[in-house]
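Please look over the sequence and the model below before reading on. The paragraphs that follow go from the overall layout to single residues.

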Amino acid sequence: MKKLAAGFLAGAVLMIGTQAIGASTSLVGKTIQAEYTVNVYGKKLAVPAIVIDGKSYAPVRAIGELAGYKVSLSGKTISLDEKEAATLPSLADRNAGITMGPVPTLTPDSAAAVTKGKIKAIDSKIDAVVDNILSTSSKLKADPDSGDLKDKLEQYKAEYADLLQQKDAELQK
């Protein structure tokens, strides 16, 4: 009888231990089955998304920062908070101490450099507008009834289309 009780008790302990191990949801030590490139509004993220056990996992920091959030890690908690708006110097501050000299004559090489510079400037404006689109889109998901956010998003999309046309015009030169 004692052997039967001891066997029953040992079996119960083993079953409970096996169930506890099976209920674990940790991904530590799991094998990555695939990696995927993540594009957000045409911007390729440097960090790929991965697939583990048939589920895809996206890089929170890269996507959060691209969407305009401040991403922080505290213990085992990832936080996405809105960034503080950067203050830009006024036009008068930026132009203080600037003096104009003679206007240079453009050569074909310098004209190409000017066009290249314009395209680079347009690209940086496009990047800023894409960041604004991502940020506004994520805010709109949190508050889908906000008319102000919808209007802002449409303005940013129109600005994006206008910048693409400007870039195309510069490339045609």
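Helices (H or I, at least four residues) and strands (E, at least two) are taken here as DSSP runs, numbered from the N terminus. The structure is a predicted model, in which local features need pLDDT of at least 70 and side-chain atom pairs count only at pLDDT 80 or more, while totals for chains, interfaces and linings use all residues. Residues are numbered from 1 along each chain as its sequence is written, and side-chain values use heavy atoms, with hydrogens and water left out.

The protein chain contains five helices and seven strands, and their order along the sequence is α-β-β-β-β-β-α-β-β-α-α-α. Of its 173 residues, 18% count as buried, where buried means under 20% relative accessible area, exposed means over 50%, and partly exposed lies in between (1.4 Å probe, protein chains only). Among the contacts in the chain with a separation of 6 or more, 39% come from residues 24 or more positions apart, a contact being heavy atoms within 4.5 Å.

Strand 6 (residues 69-74) and strand 7 (residues 77-82) pair in the antiparallel sense over six bridges; two strands are said to pair if DSSP finds at least two bridges between them. Within this pairing, K70 stands opposite D81 of strand 7. The hairpin has two residues between its strands, and G75 there takes a positive phi near 65°.

The second largest pocket holds about 240 Å³ of space, and helix 2 (60-66) and helix 4 (108-142) are the elements that give two or more residues to its lining. A pocket is found on a 1 Å grid over the protein atoms alone, as an open set of points where a 1.4 Å probe fits, with protein on both sides within 12 Å along at least five of seven lines, and lining residues have an atom within 4 Å of a point. Grid points are joined across faces, edges and corners, and the volume is the space filled by probe spheres set on the points. Helix 4 provides the largest share of the lining, four residues, and the lining residues include L134, S137, S138 and K141, as well as I63, G64 and Y69. By class, the lining has eight nonpolar, three polar and one charged residues; Ala, Val, Leu, Ile, Met, Phe, Trp, Tyr, Cys and Pro count as nonpolar, Asp, Glu, Lys and Arg as charged, and the others, Gly among them, as polar.

K139 also lies in helix 4, and K139 counts as partly exposed because its relative accessible area is 29%. Leaving aside residues up to four places away in sequence, K139 touches Y69, E82 and L149. The C-alpha atoms of K139 and L149 are 7.6 Å apart, with 10 residues of separation along the sequence.

Which residues does the UniProt annotation "coiled-coil region" cover? The unreviewed entry places it at residues 146-173, in the numbering used here, with a shortened feature name and the caveat that annotations may be inferred rather than shown by experiment. Over residues 146-173 the chain is 93% helix and 0% strand, and the end C-alpha atoms are 42 Å apart. A161 lies in helix 5 (residues 147-172) and counts as partly exposed because its relative accessibility is 37%. The C-alpha atoms of A161 and I126 are separated by 9.3 Å, although the two are 35 residues apart along the chain.
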